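Visitor: I'd like to learn how to read a model like this one, feature by feature. Could you walk me through it?

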Amino acid sequence: MKRQFIRSHVHINIHPLERWIRIIAGAILVVLAFPGGQINGWYLLGVIPLLTGIIGFCPLYYAFGINTNRWARVKVDHTKK
């Protein structure tokens with residue numbers, strides 16, 4: 001039942017391989033943004049791909065109708081409630 005709820009309410013639009021690439025690249029960028037222990041504003045550049053990779057949802061992909069997840073290539077009607 002829980003899996004059904006997730007599939008019907010969450011739209012994962014990032015392919016699993018792309019998710020791993022985003023997670024790894026985002027983590028590297030976050031680590032590199034803290035040189036010498038000081039906080040650098042550039043860490044946000046790594047946080048965005050890190051979070052979208054963890055969640056599996058990219059708002060920009062959604063806005064432009066892009067879906068790289070081959071297992072969820074069905075057309076989703078977002079006007080239904």
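**Reading contacts and helices**

Visitor: Let's start with contacts: which residues does A33 touch, not counting residues up to four places away in sequence?

Guide: A contact means heavy atoms within 4.5 Å. With residues up to four places away in sequence left out, A33 touches Q38, N40, W42 and Y43. Before we go on, note that this is a predicted model, where local features need pLDDT of at least 70 and side-chain atom pairs count only at pLDDT 80 or more, while totals for chains, interfaces and linings use all residues. Residues are numbered from 1 along each chain as its sequence is written, and side-chain values use heavy atoms, with hydrogens and water left out.

Visitor: Where does A33 lie, and is A33 buried or exposed?

Guide: For burial, go by relative accessible area: buried is under 20%, exposed is over 50%, and partly exposed is in between (1.4 Å probe, protein chains only). At a relative accessible area of 4%, A33 is buried. You'll find A33 in the loop between α2 and α3.

Visitor: You've named helices already. How many helices and strands does the protein have?

Guide: Helices (H or I, at least four residues) and strands (E, at least two) are DSSP runs, numbered from the N terminus. Here the protein has four helices and zero strands, so the order from the N terminus on reads α-α-α-α. Of its 81 residues, 21% count as buried. As for contacts with a separation of 6 or more, 71% of them come from residues 24 or more positions apart.

Visitor: What span does α2 reach, and what is expected?

Guide: The expected span is 1.5 Å times one less than the number of residues. Helix α2 covers residues 16–32, 17 residues in total, and reaches 24 Å from first C-alpha to last, close to the 24 Å expected. The buried residues of α2 are E18, R22, G26 and V30. They sit on the same side of α2, because they cover an arc of only 95° around the axis; the arc is that of the directions from the helix axis to the C-beta atoms.

Visitor: What do those buried residues pack against, and which residues are exposed on the other side of α2?

Guide: The buried residues pack against α3 (43–55) and α4 (59–64). On the other side of α2, the exposed ones are L17, W20, I21, I24, V31 and L32.

Visitor: Which residues make the nonpolar surface patch?

Guide: Patches are made of residues with over 30% relative accessible area and no salt bridge; like charges are joined within 9 Å, nonpolar side chains (Val, Leu, Ile, Met, Phe, Trp, Tyr) within 5 Å. Areas come from the Shrake-Rupley method with a 1.4 Å probe, and for residues only the protein chains shown count as cover. W20, I24, I28 and L32 make a nonpolar patch of about 480 Å². I28, in helix α2, counts as partly exposed because its relative accessibility is 47%.

Visitor: And salt bridges: how many are counted?

Guide: Side chains of opposite charge can pair when their charged atoms come close. The rule asks for a side-chain nitrogen of Lys or Arg within 4 Å of a carboxyl oxygen of Asp or Glu. The count comes to one salt bridge. R22 pairs with E18, and the closest N and O atoms are 3.0 Å apart. The two are four residues apart in helix α2, so about one helical turn separates them. Both R22 and E18 are buried.

Visitor: Which residues are buried in α3?

Guide: They are G46, P49, T52 and G53. Since they cover an arc of only 140° around the axis, they lie on the same side of α3. Their cover includes α2 and α4. The face turned away from that buried side carries the exposed residues I48 and I55. Just after α3, G56 takes a positive phi of about 90°.

Visitor: Which residues does I55 touch, not counting residues up to four places away in sequence?

Guide: Those are I12 and R19. I55 has a relative accessible area of 52%, so I55 counts as exposed.
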